[in-house]
Amino acid sequence: MALPLLLTACLVPLRSHLNLVTDILLFLLTAVVAALYGGWLPALAAAVLASMLLNYYFTPPLHTLAIDQPGNALALVVFVVVAMLVSGAVDLAARRTRQRDRAEAEARILAEAGKVRTALLAAVGHDLRTPLAAAKAAVSSLLSSDVALRPADRRELLVTADESLDRLTALVGNLLDLSRLQLGALPMHLGAVSLDEVVANALDAMGPAGRRVRVTLPERLPEVVADAGLLERVLVNLAENALRHSPVGAPPVVEATAAGDVVETRVVDRGPGIPAPDRERVFLPFQRLGDTDNTHGIGLGLALSRGLVEAMHGSLEPRETPGGGLTMVLRLPTGGAPTRPPHPVAEVER
(Lines give C-alpha, C1' and ligand atoms only; values in the text may rest on other atoms or scores of the structure.)
Protein backbone atom coordinates (compact mmCIF):
# COMPACT_ATOMS: atom_id res chain seq x y z
CA MET A 1 0.00 0.00 0.00
CA ALA A 2 2.92 2.32 0.64
CA LEU A 3 4.48 1.91 -2.80
CA PRO A 4 1.66 3.58 -4.82
CA LEU A 5 1.47 6.42 -2.28
CA LEU A 6 5.21 7.05 -2.44
CA LEU A 7 5.17 6.89 -6.23
CA THR A 8 2.29 9.40 -6.33
CA ALA A 9 4.24 11.82 -4.15
CA CYS A 10 7.18 11.57 -6.55
CA LEU A 11 5.16 11.89 -9.78
CA VAL A 12 2.79 14.73 -8.89
CA PRO A 13 5.52 17.41 -9.24
CA LEU A 14 6.45 15.88 -12.62
CA ARG A 15 2.89 15.62 -13.89
CA SER A 16 3.38 18.17 -16.65
CA HIS A 17 6.41 16.26 -18.02
CA LEU A 18 4.89 12.78 -18.13
CA ASN A 19 1.93 11.36 -20.00
CA LEU A 20 -0.72 8.97 -18.70
CA VAL A 21 0.88 5.91 -20.35
CA THR A 22 4.15 6.49 -18.48
CA ASP A 23 2.27 6.94 -15.22
CA ILE A 24 0.35 3.71 -15.78
CA LEU A 25 3.55 1.74 -16.46
CA LEU A 26 5.20 3.10 -13.31
CA PHE A 27 2.18 2.21 -11.17
CA LEU A 28 2.09 -1.22 -12.80
CA LEU A 29 5.62 -1.70 -11.50
CA THR A 30 4.42 -1.12 -7.92
CA ALA A 31 1.87 -3.91 -8.31
CA VAL A 32 4.55 -6.26 -9.63
CA VAL A 33 6.87 -5.47 -6.71
CA ALA A 34 4.01 -6.01 -4.26
CA ALA A 35 3.32 -9.41 -5.83
CA LEU A 36 6.98 -10.36 -5.67
CA TYR A 37 7.37 -9.58 -1.98
CA GLY A 38 3.86 -9.95 -0.60
CA GLY A 39 1.93 -12.30 -2.83
CA TRP A 40 -1.34 -12.09 -4.71
CA LEU A 41 -3.56 -10.22 -2.24
CA PRO A 42 -1.11 -7.35 -1.52
CA ALA A 43 -0.58 -7.02 -5.27
CA LEU A 44 -4.35 -6.77 -5.85
CA ALA A 45 -4.66 -4.12 -3.12
CA ALA A 46 -1.74 -2.18 -4.64
CA ALA A 47 -3.33 -2.35 -8.11
CA VAL A 48 -6.72 -1.07 -6.89
CA LEU A 49 -5.12 1.76 -4.91
CA ALA A 50 -2.88 2.63 -7.85
CA SER A 51 -5.90 2.85 -10.20
CA MET A 52 -7.64 5.23 -7.81
CA LEU A 53 -4.52 7.39 -7.48
CA LEU A 54 -4.07 7.43 -11.27
CA ASN A 55 -7.67 8.51 -11.69
CA TYR A 56 -7.54 11.20 -9.00
CA TYR A 57 -4.13 12.77 -9.68
CA PHE A 58 -3.25 12.01 -13.30
CA THR A 59 -6.49 11.51 -15.29
CA PRO A 60 -8.47 14.64 -16.39
CA PRO A 61 -10.42 16.09 -14.70
CA LEU A 62 -7.85 16.10 -11.88
CA HIS A 63 -8.65 15.72 -8.18
CA THR A 64 -11.88 13.86 -8.85
CA LEU A 65 -12.75 10.26 -9.54
CA ALA A 66 -14.80 11.24 -12.60
CA ILE A 67 -13.37 10.44 -16.06
CA ASP A 68 -14.38 12.64 -19.02
CA GLN A 69 -12.68 10.62 -21.80
CA PRO A 70 -13.65 7.03 -22.60
CA GLY A 71 -10.06 6.28 -23.63
CA ASN A 72 -8.76 7.16 -20.20
CA ALA A 73 -11.42 5.01 -18.58
CA LEU A 74 -10.43 2.09 -20.83
CA ALA A 75 -6.75 2.67 -19.97
CA LEU A 76 -7.50 2.44 -16.27
CA VAL A 77 -9.54 -0.73 -16.72
CA VAL A 78 -6.77 -2.29 -18.79
CA PHE A 79 -4.27 -1.21 -16.14
CA VAL A 80 -6.16 -3.02 -13.38
CA VAL A 81 -6.55 -6.18 -15.50
CA VAL A 82 -2.90 -6.21 -16.59
CA ALA A 83 -1.75 -5.49 -13.05
CA MET A 84 -3.79 -8.42 -11.74
CA LEU A 85 -2.53 -10.78 -14.45
CA VAL A 86 1.12 -9.76 -14.10
CA SER A 87 0.91 -9.84 -10.33
CA GLY A 88 -0.61 -13.30 -10.43
CA ALA A 89 2.13 -14.54 -12.75
CA VAL A 90 4.85 -12.98 -10.58
CA ASP A 91 3.30 -14.43 -7.42
CA LEU A 92 3.08 -17.87 -9.02
CA ALA A 93 6.71 -17.69 -10.13
CA ALA A 94 7.81 -16.53 -6.68
CA ARG A 95 5.92 -19.37 -4.98
CA ARG A 96 7.44 -21.92 -7.35
CA THR A 97 10.88 -20.48 -6.65
CA ARG A 98 10.33 -20.76 -2.91
CA GLN A 99 9.06 -24.32 -3.31
CA ARG A 100 12.12 -25.20 -5.38
CA ASP A 101 14.43 -23.65 -2.76
CA ARG A 102 12.70 -25.61 -0.01
CA ALA A 103 12.98 -28.81 -2.03
CA GLU A 104 16.67 -28.19 -2.66
CA ALA A 105 17.22 -27.46 1.05
CA GLU A 106 15.41 -30.66 2.00
CA ALA A 107 17.47 -32.58 -0.55
CA ARG A 108 20.69 -31.18 0.96
CA ILE A 109 19.50 -32.13 4.45
CA LEU A 110 18.67 -35.64 3.28
CA ALA A 111 22.05 -35.90 1.58
CA GLU A 112 23.83 -34.82 4.77
CA ALA A 113 21.72 -37.23 6.79
CA GLY A 114 22.68 -39.95 4.33
CA LYS A 115 26.36 -39.17 4.82
CA VAL A 116 25.94 -39.26 8.58
CA ARG A 117 24.10 -42.57 8.39
CA THR A 118 26.81 -43.98 6.15
CA ALA A 119 29.52 -42.82 8.53
CA LEU A 120 27.56 -44.13 11.49
CA LEU A 121 27.01 -47.56 9.92
CA ALA A 122 30.63 -47.84 8.86
CA ALA A 123 32.00 -46.70 12.20
CA VAL A 124 29.53 -48.52 14.42
CA GLY A 125 29.76 -51.60 12.24
CA HIS A 126 33.52 -51.75 12.81
CA ASP A 127 33.33 -50.86 16.48
CA LEU A 128 30.56 -53.38 17.11
CA ARG A 129 32.17 -56.19 15.13
CA THR A 130 35.51 -56.11 16.90
CA PRO A 131 34.36 -56.43 20.53
CA LEU A 132 31.51 -58.73 19.54
CA ALA A 133 33.92 -61.06 17.77
CA ALA A 134 36.30 -61.01 20.74
CA ALA A 135 33.53 -61.65 23.27
CA LYS A 136 32.02 -64.38 21.11
CA ALA A 137 35.38 -66.12 20.68
CA ALA A 138 36.11 -65.92 24.42
CA VAL A 139 32.70 -67.28 25.45
CA SER A 140 32.83 -70.02 22.81
CA SER A 141 36.22 -71.11 24.07
CA LEU A 142 34.95 -71.20 27.64
CA LEU A 143 31.97 -73.32 26.62
CA SER A 144 33.99 -75.67 24.47
CA SER A 145 34.55 -79.17 25.88
CA ASP A 146 37.22 -80.08 23.34
CA VAL A 147 40.06 -78.23 25.06
CA ALA A 148 40.96 -78.37 28.73
CA LEU A 149 41.66 -74.82 29.84
CA ARG A 150 43.96 -73.94 32.68
CA PRO A 151 42.62 -71.52 35.30
CA ALA A 152 44.91 -68.78 33.98
CA ASP A 153 43.58 -69.30 30.44
CA ARG A 154 39.99 -69.24 31.66
CA ARG A 155 40.63 -66.02 33.52
CA GLU A 156 42.24 -64.45 30.45
CA LEU A 157 39.23 -65.35 28.33
CA LEU A 158 36.87 -63.93 30.94
CA VAL A 159 38.87 -60.70 31.05
CA THR A 160 38.73 -60.47 27.25
CA ALA A 161 34.96 -60.97 27.22
CA ASP A 162 34.52 -58.45 30.04
CA GLU A 163 36.62 -55.79 28.30
CA SER A 164 34.81 -56.36 25.00
CA LEU A 165 31.41 -56.03 26.62
CA ASP A 166 32.59 -52.85 28.37
CA ARG A 167 33.51 -51.40 24.98
CA LEU A 168 30.09 -52.28 23.63
CA THR A 169 28.41 -50.73 26.66
CA ALA A 170 30.41 -47.53 26.26
CA LEU A 171 29.61 -47.35 22.54
CA VAL A 172 25.87 -47.80 23.02
CA GLY A 173 25.91 -45.38 25.95
CA ASN A 174 27.64 -42.68 23.91
CA LEU A 175 25.21 -43.10 21.02
CA LEU A 176 22.15 -42.97 23.27
CA ASP A 177 23.43 -40.03 25.30
CA LEU A 178 24.35 -38.04 22.20
CA SER A 179 20.89 -38.69 20.79
CA ARG A 180 19.19 -37.68 24.04
CA LEU A 181 21.40 -34.62 24.33
CA GLN A 182 20.44 -33.45 20.85
CA LEU A 183 16.77 -33.93 21.73
CA GLY A 184 17.17 -32.14 25.07
CA ALA A 185 16.04 -35.26 26.92
CA LEU A 186 19.23 -36.12 28.82
CA PRO A 187 18.55 -36.01 32.59
CA MET A 188 20.89 -33.60 34.36
CA HIS A 189 21.17 -32.68 38.04
CA LEU A 190 23.19 -29.51 38.49
CA GLY A 191 24.65 -28.64 41.84
CA ALA A 192 27.81 -27.53 43.63
CA VAL A 193 30.52 -30.10 42.85
CA SER A 194 34.04 -30.45 44.25
CA LEU A 195 36.33 -30.60 41.24
CA ASP A 196 39.14 -32.50 42.97
CA GLU A 197 36.75 -35.32 43.89
CA VAL A 198 35.40 -35.55 40.36
CA VAL A 199 38.93 -35.63 38.92
CA ALA A 200 39.92 -38.39 41.33
CA ASN A 201 36.81 -40.43 40.47
CA ALA A 202 37.40 -39.96 36.74
CA LEU A 203 40.99 -41.22 36.94
CA ASP A 204 39.90 -44.17 39.10
CA ALA A 205 37.26 -45.02 36.49
CA MET A 206 40.00 -45.20 33.84
CA GLY A 207 41.66 -48.07 35.69
CA PRO A 208 45.42 -48.56 35.33
CA ALA A 209 45.58 -45.95 32.56
CA GLY A 210 44.48 -43.27 35.01
CA ARG A 211 47.68 -43.72 37.00
CA ARG A 212 49.63 -42.23 34.10
CA VAL A 213 47.83 -38.88 34.35
CA ARG A 214 49.38 -36.17 36.52
CA VAL A 215 47.07 -33.90 38.51
CA THR A 216 47.95 -30.38 39.60
CA LEU A 217 45.14 -28.66 41.49
CA PRO A 218 45.31 -25.82 44.02
CA GLU A 219 44.52 -26.74 47.60
CA ARG A 220 41.60 -24.32 47.75
CA LEU A 221 39.41 -24.35 44.67
CA PRO A 222 35.79 -23.13 44.39
CA GLU A 223 33.13 -25.71 43.73
CA VAL A 224 31.69 -25.71 40.24
CA VAL A 225 28.08 -25.93 39.13
CA ALA A 226 27.80 -29.23 37.28
CA ASP A 227 26.34 -32.71 37.24
CA ALA A 228 29.00 -34.77 39.02
CA GLY A 229 28.43 -37.95 37.00
CA LEU A 230 28.39 -36.20 33.64
CA LEU A 231 31.41 -34.06 34.51
CA GLU A 232 33.30 -37.22 35.47
CA ARG A 233 32.44 -38.68 32.09
CA VAL A 234 33.69 -35.56 30.31
CA LEU A 235 37.00 -35.70 32.19
CA VAL A 236 37.39 -39.40 31.39
CA ASN A 237 36.91 -38.65 27.68
CA LEU A 238 39.39 -35.78 27.75
CA ALA A 239 41.99 -37.70 29.75
CA GLU A 240 41.72 -40.80 27.56
CA ASN A 241 42.07 -38.65 24.45
CA ALA A 242 45.15 -36.95 25.94
CA LEU A 243 46.70 -40.30 26.89
CA ARG A 244 46.11 -41.65 23.41
CA HIS A 245 48.21 -38.89 21.87
CA SER A 246 50.82 -38.40 24.57
CA PRO A 247 54.35 -39.62 23.82
CA VAL A 248 56.16 -41.96 26.20
CA GLY A 249 57.73 -40.06 29.06
CA ALA A 250 55.41 -37.06 28.72
CA PRO A 251 52.16 -37.95 30.52
CA PRO A 252 49.16 -35.63 30.23
CA VAL A 253 48.43 -33.18 33.02
CA VAL A 254 45.11 -32.11 34.55
CA GLU A 255 45.33 -28.66 36.13
CA ALA A 256 42.84 -26.01 37.20
CA THR A 257 42.67 -22.36 38.20
CA ALA A 258 39.88 -20.10 39.41
CA ALA A 259 39.28 -16.70 37.84
CA GLY A 260 36.33 -14.67 39.08
CA ASP A 261 33.17 -16.76 38.86
CA VAL A 262 34.68 -19.39 36.55
CA VAL A 263 36.93 -22.39 37.18
CA GLU A 264 39.12 -23.33 34.23
CA THR A 265 40.26 -26.95 34.02
CA ARG A 266 42.94 -27.82 31.47
CA VAL A 267 43.82 -31.27 30.18
CA VAL A 268 47.27 -30.82 28.67
CA ASP A 269 49.14 -33.23 26.42
CA ARG A 270 52.44 -33.06 24.57
CA GLY A 271 51.31 -34.97 21.51
CA PRO A 272 51.34 -33.89 17.87
CA GLY A 273 48.52 -31.40 18.43
CA ILE A 274 45.87 -30.40 15.91
CA PRO A 275 46.24 -27.72 13.19
CA ALA A 276 44.17 -24.62 13.97
CA PRO A 277 41.76 -25.07 10.99
CA ASP A 278 40.87 -28.60 12.19
CA ARG A 279 40.39 -27.94 15.91
CA GLU A 280 36.62 -27.46 15.71
CA ARG A 281 36.23 -30.58 13.57
CA VAL A 282 37.16 -32.83 16.48
CA PHE A 283 33.86 -31.91 18.14
CA LEU A 284 31.80 -33.20 15.21
CA PRO A 285 30.38 -36.72 15.55
CA PHE A 286 32.27 -39.48 13.71
CA GLN A 287 35.41 -37.36 13.27
CA ARG A 288 38.64 -39.26 13.94
CA LEU A 289 41.50 -37.03 12.87
CA GLY A 290 44.61 -39.12 12.37
CA ASP A 291 42.72 -42.36 13.06
CA THR A 292 41.74 -43.56 9.61
CA ASP A 293 41.54 -47.21 10.63
CA ASN A 294 39.01 -46.50 13.39
CA THR A 295 41.11 -48.17 16.09
CA HIS A 296 40.13 -45.63 18.71
CA GLY A 297 36.36 -45.61 18.51
CA ILE A 298 33.84 -43.86 16.32
CA GLY A 299 34.63 -40.27 17.23
CA LEU A 300 31.80 -39.55 19.64
CA GLY A 301 33.75 -38.80 22.82
CA LEU A 302 34.65 -35.16 22.19
CA ALA A 303 31.32 -34.38 20.50
CA LEU A 304 29.47 -35.75 23.51
CA SER A 305 31.84 -33.99 25.92
CA ARG A 306 31.25 -30.56 24.42
CA GLY A 307 27.50 -31.13 24.36
CA LEU A 308 27.49 -32.15 28.02
CA VAL A 309 29.64 -29.19 29.06
CA GLU A 310 27.48 -26.69 27.19
CA ALA A 311 24.37 -28.24 28.75
CA MET A 312 25.99 -27.49 32.13
CA HIS A 313 26.41 -23.83 31.05
CA GLY A 314 30.13 -24.21 30.47
CA SER A 315 32.46 -24.30 27.47
CA LEU A 316 35.05 -26.67 26.05
CA GLU A 317 37.67 -25.26 23.70
CA PRO A 318 40.91 -26.62 22.21
CA ARG A 319 44.14 -24.64 22.46
CA GLU A 320 47.71 -25.22 21.42
CA THR A 321 49.97 -26.35 24.24
CA PRO A 322 53.02 -24.06 24.51
CA GLY A 323 55.93 -26.08 23.19
CA GLY A 324 53.68 -28.44 21.22
CA GLY A 325 50.59 -30.52 21.89
CA LEU A 326 46.93 -29.89 22.60
CA THR A 327 45.21 -28.41 25.63
CA MET A 328 41.50 -28.95 26.21
CA VAL A 329 40.14 -26.03 28.26
CA LEU A 330 37.00 -26.78 30.27
CA ARG A 331 35.33 -23.73 31.83
CA LEU A 332 32.48 -24.05 34.34
CA PRO A 333 30.78 -21.48 36.58
CA THR A 334 31.61 -21.59 40.27
CA GLY A 335 29.02 -22.71 42.77
CA GLY A 336 30.27 -21.49 46.15
CA ALA A 337 33.18 -20.56 48.37
CA PRO A 338 36.54 -22.34 48.05
CA THR A 339 36.61 -25.72 49.72
CA ARG A 340 39.64 -27.48 51.16
CA PRO A 341 40.01 -31.00 49.79
CA PRO A 342 40.15 -33.87 52.28
CA HIS A 343 43.59 -34.83 50.96
CA PRO A 344 46.25 -32.55 49.44
CA VAL A 345 46.12 -32.91 45.67
CA ALA A 346 48.60 -30.24 44.63
CA GLU A 347 51.31 -31.77 42.43
CA VAL A 348 49.94 -35.29 42.87
CA GLU A 349 51.09 -37.84 40.33
CA ARG A 350 48.59 -40.61 39.89
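These legends go with a few close-up views of a predicted model.

Residues are numbered from 1 along each chain as its sequence is written. Local features need pLDDT of at least 70 and side-chain atom pairs count only at pLDDT 80 or more, while totals for chains, interfaces and linings use all residues, and side-chain values use heavy atoms, leaving out hydrogens and water.

**View 1. The whole protein.** There are 8 helices and 8 strands here, taken as DSSP runs (H or I, at least four residues, for helices; E, at least two, for strands) and numbered from the N terminus. Of the 350 residues, 37% are buried, that is, under 20% relative accessible area with a 1.4 Å probe, protein chains only.

**View 2. S246 in its loop.** S246 sits between helix 7 (228-245) and strand 4 (253-259). S246 comes out as buried because its relative accessible area is 13%. A polar atom of its side chain lies 2.6 Å from the backbone oxygen of A242. Skipping neighbours within four places in sequence, S246 is in contact (heavy atoms within 4.5 Å) with P251, P252, D269 and R270.

**View 3. The largest nonpolar core.** This is a set of buried Ala, Val, Leu, Ile, Met, Phe, Trp, Tyr and Cys residues joined through side-chain atoms within 4.5 Å. It has 40 residues, and V199, L231, M328 and L332 touch the most other members. Elements giving two or more residues include helix 6 (195-205), strand 3 (221-226) and strand 7 (326-339). Helix 7 supplies the largest share, 9 residues.

**View 4. Around L332.** Not counting residues up to four places away in sequence, L332 touches, among others, V224, L231, V263 and M312.

Notes: Buried means under 20% relative accessible area, exposed over 50%, partly exposed in between (1.4 Å probe, protein chains only). A polar contact is a pair of N or O atoms within 3.5 Å; within protein, one must be able to donate a hydrogen and the other to accept it, and residues adjacent in sequence count only if both atoms are side-chain atoms.
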